[in-house]
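Grab the structure and work through these exercises with it open. Each task comes with a solution that you can follow step by step.

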Amino acid sequence: MAAEEGPTIELRQRKKPKSSENKESAKEEKINDIPLPERAPKHVLFQRFAKIFIGCLAAVTSGMMYALYLSAYHERKFWFSNRQELEREITFQGDSAIYYSYYKDMLKAPSFERGVYELTHNNKTVSLKTINAVQQMSLYPELIASVLYQATGSNEMIEPVYFYIGIVFGLQGIYVTALFVTSWLMSGTWLAGMLTVAWFIINRVDTTRIEYSIPLRENWALPYFACQVAALTGYLKSNLNTYAERFCYLLMSASTYTFMMMWEYSHYLLFLQAISLFLLDIFSVEQSDKVHEVYKIYIFSLFLGYLLQFENPALLVSPLLSLVAALMLTKCLQLNVKKGTFVAKIMKVINFYLVCTLTVTLNITMKMFVPHKENGHMLKFLEVKFGLNMTKNFTMNWLLCQESLQAPSQDFFLRLTQSSLLPFYILVLIICLLSMTQVIIRRINGKSLKETVTLEDGRIGERPEIIYHVIHTILLGSLAMVLEGLKYIWTPYVCMLAAFGVCSPELWMTLFKWLRLRTVHPILLALILSMAVPTIIGLSLWKEFFPRLMTELTELQEFYDPDTVELMTWIKRQAPIAAVFAGSPQLMGAIKLCTGWMVTSLPLYNDDDLLKRNENIYQIYSKRSAEDIYKILTSYKANYLIVEDAICNEVGTMRGCRVKDLLDVANGHVVCDEGDKLTYSKYGRFCHEVKINYSPYVNYFTRVYWNRSYFVYKINTVISFQS
């Protein structure tokens, strides 16, 4: 009894209100009750600091070296510094030429405000059409680049073209650094980051299009997405301290919004990410609050993007907004049910059903009330792509023939296998998927999961950031198997995930747990393999691929296109300033950049009117009469027509994908049931007939210039209709 009464008497004494002595003793006792965190020994802190310092140094160095490599390779490939300005500009092909031309226009403008106004009310690019080029072509990178060029005084030190491509190469360096950091965060070792960078550079034919088209929107945008993914990876980690969590959240917010501003298709990629996070919320443990914080970032970025992108309706009708809104609504409707119970499982299923139903309903409702032009041709394209519809439409069939919109070739998988990337990726993915399945089964059976997972547990599938990346890479990979152009988004994360796996002791430990390895201590073996395997891979990659990379930098190539140079020179010297040129969209982009003259069409595929113009102008390669072609061209106020020999005499590698074949199908000049035989037409192919210079073609068109590749015809204003 005495032992039991002791604490009672002590408690009564602490309750005395006026005894300062007792107050002090109570405070001291309260402080003593709180366990003080043990400070790590100095040598442990030094090891952590050294590890972080070396890793950060390696990440930044990798990014800088890659940017320098791209710059050196670009110089060697085009012999860029030894070229005249016109020859340099010709290297920007297709839509890349359009983007760079507007950067030039911004630099020529008397002020930034005037330059922006001229771009948002642009009537000097496409005849009979005023466009908001900033909104339609997402020209925010060009606006930023022009401001930086003038604000930093770079106009006195560096040429505009070098400044422009230098920014893009620098962003690619940031891209590589972000992938490095992501794999480092997941594996716990910067060795994974080094392996990620090695695989990325070796497979750069499939990881980036920077070599072919520098100003592409994805080359500006994807580095920001990589930063967002790195920040999200850190944010989802369970053992993150408060300051690191805040930093990741801020970086994620900034990079999400910037990514959305840089690329018109960014919200579709974020939609896939939101689906991954939604599935993570279902499968993971205690990550719901963090996931919903990311949803708030999406909402904020969409709202701000809508305002600053001239009230872009595409963001309002985007599936991302519908999904996030549905997720927010279902969270408000959720009931507090004890986890692991049968009712909780039923609620999970109902929640999933509600989210899917609400997303579709909200998206349909938004499209009913918000006027939009949300790439209707792309939806039709997907119908034809998956065999749900058949069409003879030129634009649809032309899109289907584009390499980036077809399924990946066998060469793609062969290249990834030769660099050992694909086998290790599949191995890592299978192990992570099986471990995730175990976690899901445990949750369904109501078993409680450990709050902290140690290396000895071998449960890599319980880590939320791993679950997110596995789901995300499966979604991206599924799309990349359908459309080859999406491999440039998927393959970098294949590099990152494969590198993380082979460098992660936890993944090896998970494998050993299944194999029930007992001959050797599994933890020791996992630690050894997580260092030995990536080292062996790195040495083999170095031996096989490093000499090739060095050869690329030492070989001096030369960009040689004298016919196009001669054409642009003739236009600048001989054509009237007010002239309007008609021809293939790709060539029109080059003319806009190199000469500044007005054109009838552009190589852009997000506008229905421009797509219709492209189809009409392409009729110069069809079996149509001179009068038909003349009416089409004059309806767009064209003064000059350029016929390209490469298109007129094209020998296509893919059956039925030549421009003239697609036009014959669209115009009914091919009978597919009779072995693709041409039907009788009283008109020959226009691009051939116009070269012969006989009536009635000479009545409408007068040849004013030609070389081996191009034939330029002046469209006559006064016509003599004689046979």
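**Exercise 1: salt bridges**

Task: find how many salt bridges there are, counting a side-chain nitrogen of Lys or Arg within 4 Å of a carboxyl oxygen of Asp or Glu.

Solution. By this rule the count comes to 27 salt bridges. Before you go on, note that this is a predicted model, where local features need pLDDT of at least 70, side-chain atom pairs count only at pLDDT 80 or more, and totals for chains, interfaces and linings use all residues. Residues are numbered from 1 along each chain as its sequence is written, and side-chain values use heavy atoms, with hydrogens and water left out.

**Exercise 2: one pair up close**

Task: work out what the salt bridge between R88 and E159 ties together.

Solution. Start with the distance: the two side chains meet at 2.6 Å, N to O. (Helices are DSSP runs of H or I, at least four residues; strands are runs of E, at least two; both are numbered from the N terminus.) Finally, check the accessible area. R88 is buried at 7% relative accessible area, while E159 is partly exposed at 41%. Here buried means under 20%, exposed over 50%, and partly exposed in between, with a 1.4 Å probe and protein chains only.

**Exercise 3: R463 and its partners**

Task: which side chains meet R463 in a salt bridge?

Solution. Take E465 to begin with: its salt bridge with R463 is 2.8 Å, N to O. Then look at E506, whose salt bridge with R463 is 2.9 Å. E506 lies in helix α25 (residues 505–515) and R463 in the loop between α22 (421–444) and α23 (464–480), so this pair ties together parts that are 43 residues apart in sequence. As for burial, E465 and R463 are both buried, and E506 is buried as well.

**Exercise 4: helix α27**

Solution. Now the burial: the buried residues include D563, L567 and W570.
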